[in-house]
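User: I have a structure open and I'm new to it. Can you walk me through it?

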Amino acid sequence: MKKILVIGGNGQLGNCFRKLAPDFELEFEFNFTDSSTIDITNEDQVSEFFNDYKPDFCINASAYTAVDLAESEPEKAYAVNADGVANLAQSCKENNAVLIHISTDYVFDGESNISYSEDNFTNPQGVYGASKLKGEELALDIHPKTIVVRTSWLYSEFNKNFVKTMLNLFSTKDELGIVADQFGQPTNANDLAEAVMKIIKTEPKTYGVYHFSNYPETSWFGFAEKIAEFSGSSIKLNAIATKQFPTPAKRPKRSTMALDKIEKNYGIEPKHWENSLQECIEILKNS
């Protein structure tokens with residue numbers, strides 16, 4: 001039985017893999033770790049863990065994701081998002097394991113009017129995006145059997161995310177201002193977990209960088225409107241500009257990603273984001 005090591009097993013995406021794991025119990029053994037089990041910034045600890053467990057696949061679902069805090073804590077962001085990824089890549093290489101590394105649309109500057117393909121010029125606007133890009137580069141340089149999956153605007157029924165934050169605010173506020181001039185693709189983390197499992201099960205593999213998200217694009221305001229609609233909230237939402245909601249880190253204006261490469265190479269067809277959002281809200285209503 002092949003072994004799958006999930007780094008960041010208690011995070012949002014990690015929990016989605018936990019939910020999926022029983023569907024694959026006849027094919028794969030899953031090992032879910034968190035920072036208390038394995039500190040990816042510690043090269044010796046990573047090497048020792050890999051030599052002991054000998055995974056066939058390593059899914060790196062961990063990251064330093066505090067986008068604004070990263071501006072004042074660049075060392076921490078780079079330690080996890082770059083150096084930690086390099087450690088995983090090196091141990092994967094030594095153990096002939098496939099590395100599947102989750103990255104972000106924040107590697108782009110968001111100034112393009114067309115959807116970004118995997119080979120478009122990257123130009124991160126903040127420490128978070130720059131540290132994630134460095135992690136991609138290190139992984140691909142170190143280990144030929146690396147698949148980088150860039151995704152965007154992740155949410156699910158697990159952990160903290162935009163959907164759950166909005167639902168909490170809807171229950172306590174009468175009115176909310178939501179940024180309407182930033183565009184991207186909301187993505188249900190459960191859909192991402194399913195896509196990664198399809199990659200793992202597909203042979204032969206085509207390594208490199210891929211984009212995966214739900215589609216089409218929308219704004220944060222459009223996203224919030226649908227959360228309100230699907231949850232039955234009567235809150236008043238007001239569209240505001242980015243300049244009315246200043247943050248330490250600059251966000252991409254439009255980080256929409258092209259999704260045809262992952263469909264062509266792995267047969268993965270993205271779902272419409274409204275359908276996936278509706279599924280998530282139904283789960284949250286019944287939980």
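Predicted model: local features only at pLDDT ≥ 70, side-chain atom pairs only at ≥ 80, totals over all residues.

User: OK. What is the strand order in the open sheet?

Analyst: The order is β2-β1-β3-β4-β5-β10, six strands with parallel pairing. At the edges are β2 (28-33) and β10 (208-211), each of which pairs on one side only. From one strand to the next, the twist averages 20°. On terms: helices (H or I, at least four residues) and strands (E, at least two) are DSSP runs numbered from the N terminus, and two strands pair if DSSP finds at least two bridges between them.

User: How many bridges are there between β5 and β10?

Analyst: Four, in the parallel sense, with β5 covering residues 146-151. Val149 has Tyr210 of β10 as its bridge partner.

User: Which strands does helix α4 touch?

Analyst: Helix α4 (residues 127-142) packs on the sheet and touches β4 (98-104), β5 and β10; its direction makes about 160° with that of β4. Helix α6 (residues 189-201) also packs on the sheet, touching β1 (2-7), β2, β3 (57-60), β4 and β5, and makes about 150° with the direction of β4. Axes here are lines fitted to C-alpha atoms, for helices over the stretch in contact, and angles run from 0 to 180 degrees between N-to-C directions. Contact means heavy atoms within 4.5 Å.

User: Switching to α5. Which residues in it are buried?

Analyst: Val163, Met166 and Phe170, in a helix that spans residues 162-170. Seen down the axis of α5, the buried residues fall within an arc of 65°, so they line one face. That arc is taken from the directions from the helix axis to the C-beta atoms. Buried means under 20% relative accessible area, exposed over 50%, and partly exposed in between (1.4 Å probe, protein chains only).

User: Why would residues a few places apart point the same way?

Analyst: An α-helix has 3.6 residues a turn, so residues three or four places apart point the same way.

User: And what do the buried residues of α5 pack against?

Analyst: They pack against β6 (154-155), β7 (175-179), α7 (220-231), β12 (236-240) and α9 (273-285).

User: Next, Glu157. Is it buried or exposed?

Analyst: Glu157 is buried, with a relative accessible area of 12%. It is found in the loop between β6 and α5. The side chain of Glu157 makes a polar contact with the side chain of Asn190, at 2.9 Å. A polar contact is a pair of N or O atoms within 3.5 Å; within protein, one must be able to donate a hydrogen and the other to accept it, and residues adjacent in sequence count only if both atoms are side-chain atoms.

User: Where does Glu118 lie?

Analyst: Glu118 lies in the loop between β4 and α4, and it is buried, with a relative accessible area of 12%. A polar atom of its side chain lies 2.9 Å from the backbone nitrogen of His211. Leaving aside neighbours within four places in sequence, the contacts of Glu118 include Arg150, Tyr210 and Lys261.

User: Which peptide bonds are cis?

Analyst: One joins Glu203 and Pro204, with omega about -10°; Pro204 lies in the loop between α6 and β10. Another runs from Tyr215 to Pro216, with omega near -10°.

User: What about the phi of Trp153?

Analyst: Phi of Trp153 is near 45°, a positive value in a residue other than glycine. Trp153 sits in the loop between β5 and β6 and is buried, with a relative accessible area of 9%. Lys54 has a positive phi as well, about 55°, but Lys54 is partly exposed at 47% relative accessible area. Most residues other than glycine have a negative phi, and most peptide bonds are trans.

Note on methods. Residues numbered from 1 in each chain as written. Heavy atoms only, no water.
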